[in-house]
Amino acid sequence: MSRSDTIEADAIVVGAGLAGLVAACEMCARGVKVLVLDQEGEQNLGGQAFWSLGGLFMVDTPEQRRMKIRDSAELAHADWMGSAQFDGLQDMWPRRVAEAYLGFAAGEMRSWLAQIGMRWFPVVGWAERGGGLAHQHGNSVPRFHITWGTGPGVLAPFLRIAQDHGAAGRMRFAFRHRVTEISVENGRVAGVKGEILEPTAVQRGQQSSRAVTGDFTARAGVVIVTSGGIGGDLERVKQAWPVERLGPAPGRMISGVPAHVDGAMIDIARSAGAATINTDRMWHYTEGLRNWAPIWPAHGIRILPGPSSMWFDALGNRLEAPYLPGFDTLGTLKRILSTGHDYSWFILTQSIIKKEFALSGSEQNPDLTSGLWREVLKARLGSGGKAPAPVEAFKSQGADFVVADTLDDLIAGMNQMGEVPLDAHQIHRQIAARDAQIDNPFAKDAQVTAIRGARKYLGDRLIRTAKPHRILDPKHGPLIAVRLSILTRKTLGGLHTNLDGAVLDAEGYPIDGLFAAGECAGFGGGGYHGYNALEGTFLGGCIFSGRSAGRAAAG
């Protein structure tokens, strides 16, 4: 039997992920009664942040200073703008949001988050090291602060605050409520309408039923859209693909987010008059693995690589600098796709995988997710010659790994997996040439130089960069090859907003009562990353844009 519900509130938040939680908490703290709607079940509370590694881009922190990293607001600003490459009138608000976020990241961000209970792993990570020139893309210094507890640790303070507001009657959640329309009356937002979906008991992230059991109307003078991006709809990603900038879209991709991350609310907001910008800007990874224990359709996991794995394209040609592991995501994506194929290869040793391979996600890092030092030490230092257990599980059970004692056997296994036959002599020649650079303290090989440079940073030397060695040295074996797929992840453009998160119409004017935050708004402004992300800026963008929208919406 179907039913029809009418709900009254002061404000509505559509999407119960990190940005939505932050926005709702900010409004409740200012006396606003908030209704939070989400099409998924309560088990998905927290959205994509739950699955994350919990990395936050922060500037000039105590963690950096303890690691002898000299950072500053000025250096971070130069890095961001060199990466963003803002290039049009539509980037006015994205640039202003980026500048405001940089002020936040170098200012009150850490103290505010610490005050509500967040803590960070003491070794700061160095992500997106750049494309080779100081004025272009990349982080000049390590800025990737991993939260104790990973993604769940980022969510925990806001879930606790939301629970307190719920107990006080200021916040209410309505799960399995899918919004299909934003109501506008006399030029002002009046609420939303939608469908009530049947209850679901599927595991977090799994595809849930879309069977409708009723409809609802929710009335409020403020609506904040925090519904996420488009990465779970692979066809929609292909349709938005920037062919002129990156080349043809991959024929096959795997998904870094669940199927419900489909961008539907972006379209619904557009039907209410919202403008979108920068919709061809996106952030997809080149180091994707097919998950051997998938949760959602085409479920992929990203390798977070150190700098030592040798990277080959589908034709067997080694990727040249700056297309090294962990340096330039979109540049490497374009380079891989230039071959006409949508995959590439890592070749490495057991010594490298032991120290350098991490897998993105809370579920792939149970030691960090536990927030317990004894678990971290056990997993990272107590594994003997093995990599951490989740990595070893992928190595033994994943469909993308080949393990062999000799290079000929390794390439034979790669040829059974790949679409293009690899020439064993060609691969051997390239690896042997690289190996010959190891024994001399001088080298012309850019990757060897990068490895030695990375080890000058204490954090990399301790836990992220293996001691340089010959790939073909059997003492460091066995040899390992990994077939890498393109992994969808983040939408960098979206709903056009101003600095307060107010959604703008096609002429650039705010739509009265309509706000947006998080990925559906390009993490603020309609794309505060510009063309490139510096990592740690997705969760940080959700927190910052959610806070800004919540405070502005509360008046």
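**Note on the predicted model: loops, strands, helices and cores**

1. N186 sits in the loop that joins β7 (177–185) to β8 (188–197), where helices (H or I, at least four residues) and strands (E, at least two) are DSSP runs numbered from the N terminus. Although N186 is not a glycine, its phi is positive, at about 55°. N186 is exposed, with a relative accessible area of 84%; here exposed means over 50% relative accessible area, buried means under 20%, and partly exposed lies in between, with a 1.4 Å probe and protein chains only.

2. On the basis of the values: this is a predicted model, in which local features need pLDDT of at least 70 and side-chain atom pairs count only at pLDDT 80 or more, while totals for chains, interfaces and linings use all residues. Residues are numbered from 1 along each chain as its sequence is written, and side-chain values use heavy atoms, with hydrogens and water left out.

3. E128 belongs to the loop between α5 (109–115) and β5 (144–146), and with a relative accessible area of 2% E128 is buried, whereas N186 is exposed. As background for these points and the next, most residues other than glycine have a negative phi, and most peptide bonds are trans.

4. Two cis peptide bonds deserve a look in the viewer. The bond from A321 to P322 is cis, with omega near 10°, and P322 is placed in the loop between β15 (310–313) and α10 (329–337). The bond from G477 to P478 is likewise cis, with omega near 5°, and P478 lies in the loop that runs between α18 (458–463) and β19 (479–491).

5. Strand β3 (residues 34–38) is largely enclosed by the rest of the structure, because five of its five residues are buried. The side chains of V34, V36 and D38 point one way from β3 while L35 and L37 point the other way, and all are buried. Strand β2 (residues 11–14) pairs with β3 in the parallel sense over four bridges, two strands being counted as paired if DSSP finds at least two bridges between them. Within this pair, V14 stands opposite L37. The chain passes from β2 through α1 to β3 in a right-handed β-α-β crossover, a label given when, with the strands pointing away from the viewer, the path from the first strand over the helix to the second runs clockwise. Strand β6 (residues 171–175) also runs parallel to β3, joined by five bridges, and L37 stands opposite A174 in β6.

6. The largest nonpolar core has 107 residues, of which L18, W80, L113, I182 and V192 touch the most other members; such a core is a set of buried Ala, Val, Leu, Ile, Met, Phe, Trp, Tyr and Cys residues joined through side-chain atoms within 4.5 Å. Helix α1 (residues 18–29) gives this core its largest share, nine residues. Leaving aside residues up to four places away in sequence, L18 touches G46, A49, V154, L155, F158, L539, C542 and I543, with contact taken as heavy atoms within 4.5 Å. Another core lies apart from it and holds 39 residues, among them I301, I336, F357 and M414.

7. Helix α19 (residues 537–554) has 18 residues and reaches 25 Å from its first C-alpha to its last, close to the 26 Å expected at 1.5 Å a residue, the expected span being 1.5 Å times one less than the number of residues. Because 15 of its 18 residues are buried, α19 is largely enclosed by the rest of the structure. Just after α19, G555 takes a positive phi of about 80°.

8. How many disulfides does the rule give? The count comes to zero, a disulfide being a pair of cysteine sulfur atoms within 2.5 Å. For C25, the closest cysteine sulfur is that of C28, at 6.6 Å, which is too far for a bond. C25 is buried at 5% relative accessibility, and C28 is buried at 2%.

9. Finally, T449 is placed in helix α17 (residues 446–454) and is partly exposed, with a relative accessible area of 44%. The C-alpha atoms of T449 and I438, which are eleven residues apart along the chain, are separated by 9.7 Å.
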